[in-house]
Amino acid sequence: ERGKRGLDQVRSIMPPRYIRLTYPPGAAAALPDDPERFIVGGGGGKGKTGVPNRVTLLKLGDIKLTEEAHVDFGTDRVLGLNVHPSHKLVVATTAGGVTHGLRYKDSALVKEFSTQTAQELPGSEGEFPSQRAVAFSPSGDLVAISQGCAIGTWKVTPGEGLVHVRTLGGAPAKGDVHPDNVRDIAFDSKGEQLVSHSDAAVAVWNVTSGEVVAKAGLDQSGPVRGRIKFRGAFFQMDNAGHLLCSTSGADGGLISVRRIGEGLPVVRTSKASSHPITTMGSAPGGLAVGNAEGQVVVLSEKGLKLQCALGLHAMPVTAVVPLPSGDTLSVGFDNFVCVGNAKETMAKQARASAMLLALLLLLALFILLVVMREPLRAILQ
């Protein structure tokens with residue numbers, strides 16, 4: 001009974017929970033059907049460093065994260081990954097232009113198929129377009145994968161692989177949308193539109209036609225010092241027809257709401273971090289950014305108000321995922337995976353604010369009594 005009480009006390013003041021991997025993770029996702037399991041991936045690349053290229057299945061415990069299974073990819077570094085909304089399927093992309101389907105069940109993780117989704121760059125020696133951005137449509141029937149400055153959409157056939165549907169963009173020399181590699185992509189809630197961003201541009205696409213709905217570049221004369229880059233773009237969940245975008249410069253980063261229309265005009269902007277933003281994550285009920293100082297900053301999606309900033313990593317954060325619990329999943333260049341304690345931190349802040357307010361009210365009452373003591377005494381006499 002004493003041990004149970006002690007465990008309950010630990011849970012009530014839960015610190016961040018970590019695991020250190022043997023490789024630098026660059027991608028992370030939560031499993032939609034299991035709140036205590038997560039998928040991360042990354043690696044050391046082609047060099048003979050002994051650093052694996054791997055996708056790892058993790059489980060959340062009372063005091064730490066533990067590894068349950070992994071799949072290795074030899075010398076082919078894992079770039080991006082995402083999880084099918086219902087089929088227990090993980091799609092992971094690699095630097096060799098291949099996309100792999102991995103099946104998870106309980107504590108097992110096995111490779112089910114591999115599809116060549118990118119072609120070797122002309123004139124190169126085994127180099128392929130970057131496939132770091134991966135997103136499933138809400139229904140799970142399509143997966144979008146970045147291919148350098150372009151995006152490919154693929155029909156998902158569990159157990160059989162991927163079938164190419166169409167390519168969006170991909171001709172920057174002809175004035176196309178993205179002049180550099182696409183960093184992130186995301187579908188809207190209906191699966192009808194797709195948003196993509198590179199360092200220099202953000203665009204909204206019609207998934208069916210492949211046409212650009214709206215696009216925007218960056219004004220380098222803004223309030224952020226240094227060259228400004230996009231670091232995230234998602235459809236705003238509680239505000240139809242709008243995007244949430246993050247931008248970053250040398251002295252910090254901003255979150256902006258942009259209306260989906262010609263030029264993607266900015267509706268509202270809020271300071272999100274005093275350090276350069278490296279990544280952004282959005283999920284139902286949650287918004288978070290990671291920065292170059294290893295912090296994870298949690299914000300409210302509706303008001304863009306800072307809720308808490310947690311120093312979870314010793315090096316830049318490479319991916320952050322808001323979780324349904326109110327906490328965050330993050331990975332960094334320090335090889336650590338972390339489930340943060342944002343929910344507990346915000347609860348403590350709320351309690352501290354309530355206590356401060358109570359003390360201020362007591363102080364005000366005391367001052368009022370002191371000031372009114374003599375007048376009250378005169379009235380009573």
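What follows is a working chat about a predicted model.

Trainee: Before we start, what should I keep in mind about the numbers?
Mentor: This is a predicted model, in which local features need pLDDT of at least 70 and side-chain atom pairs count only at pLDDT 80 or more, while totals for chains, interfaces and linings use all residues. Residues are numbered from 1 along each chain as its sequence is written, and side-chain values use heavy atoms, with hydrogens and water left out.

Trainee: OK, where is histidine 70 placed?
Mentor: Histidine 70 sits in strand E5, residues 65-72, where strands are DSSP runs of at least two residues, numbered from the N terminus.

Trainee: And what does E4 do with E5?
Mentor: Strand E4, residues 54-60, pairs with E5 in the antiparallel sense over seven bridges, pairing being assigned if DSSP finds at least two bridges between two strands. The two form a hairpin with four residues between them, and leucine 57 has alanine 69 in E5 as its bridge partner.

Trainee: Why does histidine 70 count as partly exposed?
Mentor: Because its relative accessibility is 34%, and partly exposed covers the range between buried, under 20% relative accessible area, and exposed, over 50%, with a 1.4 Å probe and protein chains only.

Trainee: Which residues is it in contact with, leaving aside the neighbours within four places in sequence?
Mentor: Histidine 70 is in contact (heavy atoms within 4.5 Å) with Arg54, Val55, Thr56 and Leu109. The C-alpha atoms of histidine 70 and leucine 109 are 6.4 Å apart, although 39 residues separate the two along the chain.

Trainee: Switching topic, how many residues are in the largest nonpolar core?
Mentor: That core has 25 residues, and Val195, Val202, Leu243 and Val289 have the most contacts inside it; a nonpolar core is a set of buried Ala, Val, Leu, Ile, Met, Phe, Trp, Tyr and Cys residues joined through side-chain atoms within 4.5 Å. Its largest share, four residues, comes from E18.

Trainee: What about the second core?
Mentor: The second core is separate and has 17 residues, including Ala27, Val78, Ala92 and Leu109.

Trainee: Last one: is aspartate 188 buried or exposed?
Mentor: Aspartate 188 is buried yet has no salt bridge, a salt bridge being a side-chain nitrogen of Lys or Arg within 4 Å of a carboxyl oxygen of Asp or Glu. The nearest side chain of opposite charge, lysine 190, is 7.0 Å away, with Lys and Arg counted as positive, Asp and Glu as negative, and His and the chain ends not counted.

Trainee: Where does aspartate 188 lie?
Mentor: Aspartate 188 is in the loop between strand E14 (182-187) and strand E15 (193-198).
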